[in-house]
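Let's take a walk through this protein, a few residues at a time. Have the sequence and the 3D view open as you read.

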Amino acid sequence: MKNLIAIIFLFSCCLIQAQKVAVNKPVPSKQQLAWQKMDFYLFAHFGPNTFTDLEWGKGTEPEDVFNPTNLDCGQWCRIAKAAGAKGIIITAKHHDGFCLWPSKYSTHTVAQSKWRNGKGDVLRELSDSCKKYGLKMGVYLSPWDRNHPKYGTPEYNDVFINMMKEVVKNYGPFFEFWWDGANGEGPNGKKQVYDWNRFEKTMRTVAPNTIVFSDIGPDARWVGNENGIAGDPNWDLLDTAGFSRGAGAPSTDTLNHGNVNGKNWIPAECDVSIRPGWFYHKEEDDKVKTPEQLFTLYLKSVGRGSNLLLNVPPDKEGLIDAHDSAALVGFKKLRDESFGRPVTNKKFTAASTLYKIDLHQSQKINCIVLNEDIASGQKIKSFTVQFMSDNKIVNELNGNTVGKKRILTFPSMNINSFIIKINESKATPLLDNIAAYLIDEDLVEKPN
Ligand code: FUL
């Protein structure tokens, strides 16, 4: 009887195995996979610079400089929701060292300011609002600190670690933790030797499910530019051996494209500001990116398999300005209009190097969205789309990587069907979704 059960068990394992898509390592962790599905979320640069009109505060600003007259993180969240963003990452501490929460490990914080009689706490408000509105929260914490008296000494590494623990414990869980690689001089004129190994161990211990971002991960990498543009091809893979964060990072070109045979799963995140600067400056109110510009960025980031981290900096009141919210709502409308009504939308469960999509009649399209099943690894190196009309190929389009999402746009054409041919792949891939759309002709990506 026991033997029979064992045989049945083994047999069913074989069956399950046979249905599985071949795994090609490295593969994403389940946290990375969930994070990659988020696609788009906001960045909020907020702090003394908002009030001094600087981009990099000196660290000598009096605490009272920070004085938002009407802070409402609920407003940030309502706008994020209306924009279809999945979360908000806030600059809890930028290079000037000012902490937006009453940290026990610094004397340069909201608690030392007159704002709300020293009782204000931006992280508390954002954390509560994100929960209320069903958004995820993330934190940017700059290791470079131009204020902290311990910066430039080994003790500062303990300060930074204590701050990380403090924010995780009091305001987490966070979907992402953002380490800026910048490493300038502090108040004593010295640069800090960051203890990245300890920083990383700390995060893994106190927040094992949080995606840790830096130029080389461990979980998500910088895309190599601050324009919000991923490379094409774009691999979710990166070799990090021999590299370090900041000045010792791989070239920006490598970060932009990833490594085709990279040993680690470290997908790119595209950070970009909706304005020229990262912090709010009134004189940039008329330089806010238009919905169409944001849509183009979406195609060049999410449409190339990355996440888009779009900075929308609150103003001196502590509110998102009307220029920015209007652009965000317009951007959402363009995405809804473009992707709301697919001409076709098909799911697949079997791996293949050939996918045929029949439109059943002549239809006009100018956009195709492909999703590669990346849970089993990123495999596709190159592919061709063949557009068919009356059983003849009328046009062809070549592409490189697909990854979690690949959006292709092209001048519209009338076709009856199209074929996706995988030309080069690490293993037989699964395209688990293929969709086609007719979007506004003006939104079709222009050649670089
Ligand atoms: C950079 C910083 O120096 C900028 O001020 C900004 O925060 C950007 C997102 O990262 O390294």
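Is C367 buried or exposed? C367 is buried, because its relative accessible area is 0%. Here buried means under 20% relative accessible area, exposed means over 50%, and partly exposed is in between (1.4 Å probe, protein chains only).

Before going on, some ground rules. You're looking at a predicted model, where local features need pLDDT of at least 70 and side-chain atom pairs count only at pLDDT 80 or more, while totals for chains, interfaces and linings use all residues. Residues are numbered from 1 along each chain as its sequence is written, and side-chain values use heavy atoms, with hydrogens and water left out.

**Cysteines**

A disulfide is a covalent bond between the sulfur atoms of two cysteines. In this model, a pair of cysteine sulfur atoms has to be within 2.5 Å to count as one. How many disulfides does a search of the whole structure find? The search turns up 0. C367 is in no disulfide, and the nearest cysteine sulfur, in C270, is 18 Å away. What about C77? Its closest cysteine sulfur belongs to C130 and is 4.1 Å away, so the two are too far apart for a bond. C77 is also buried, because its relative accessibility is 0%.

**Salt bridges**

Side chains of opposite charge can pair when their charged atoms come close. To count as a salt bridge, a side-chain nitrogen of Lys or Arg must be within 4 Å of a carboxyl oxygen of Asp or Glu. Searching the whole structure gives 19 salt bridges. Here are some of them:

| Salt bridge | Closest N and O atoms |
|---|---|
| D39 with K405 | 2.9 Å |
| R116 with E125 | 2.2 Å |
| K332 with D336 | 2.9 Å |

Take D39 and K405, which form a salt bridge. This pair links distant parts of the chain: D39 sits in the loop between α2 and β1 (40-44), K405 in the loop between β14 and β15 (406-425), and they are 366 residues apart. Those names come from DSSP runs, numbered from the N terminus: helices are H or I with at least four residues, and strands are E with at least two. Both D39 and K405 are buried.

Now try R116 and E125. R116 counts as partly exposed because its relative accessibility is 37%, and E125 is partly exposed too, because its relative accessible area is 24%.

D336 is partly exposed, because its relative accessibility is 40%.

Salt bridges can also join up. R275, K282, D285, D321 and D324 are linked in a network of them.

**A charged patch**

Which residues gather in a patch of negative charge on the surface? They are E292, D440, E441 and D442. Patch residues have over 30% relative accessible area and no salt bridge, with like charges joined within 9 Å. E292 is in helix α9 (residues 291-300), and E292 is partly exposed because its relative accessible area is 42%.

Next, follow the backbone. A cis peptide bond joins K25 and P26, with omega about 0°. P26 is in the loop between α1 (2-19) and α2 (30-36). The peptide bond from G172 to P173 is cis as well, with omega near 0°, and P173 is in the loop between α6 (155-171) and β4 (176-179).

Then look at phi. D53 has a phi near 65°, a positive value in a residue other than glycine. D53 lies in the loop between α3 and α4 and is partly exposed, because its relative accessibility is 37%. Phi of N391 is near 60°, again positive in a residue other than glycine. You'll find N391 in the loop between β13 (380-389) and β14 (392-399), and N391 is exposed because its relative accessible area is 69%.

Finally, find G57, in the loop between α3 (48-52) and α4 (73-82). G57 is buried, because its relative accessible area is 0%.

Methods. Patches are made of residues with over 30% relative accessible area and no salt bridge: like charges are joined within 9 Å, nonpolar side chains (Val, Leu, Ile, Met, Phe, Trp, Tyr) within 5 Å. Accessible areas come from the Shrake-Rupley method with a 1.4 Å probe; for residues, only the protein chains shown count as cover. Lys and Arg count as positive and Asp and Glu as negative; His and the chain ends are not counted. The place of a charge is taken as NZ of Lys, CZ of Arg, CG of Asp or CD of Glu.
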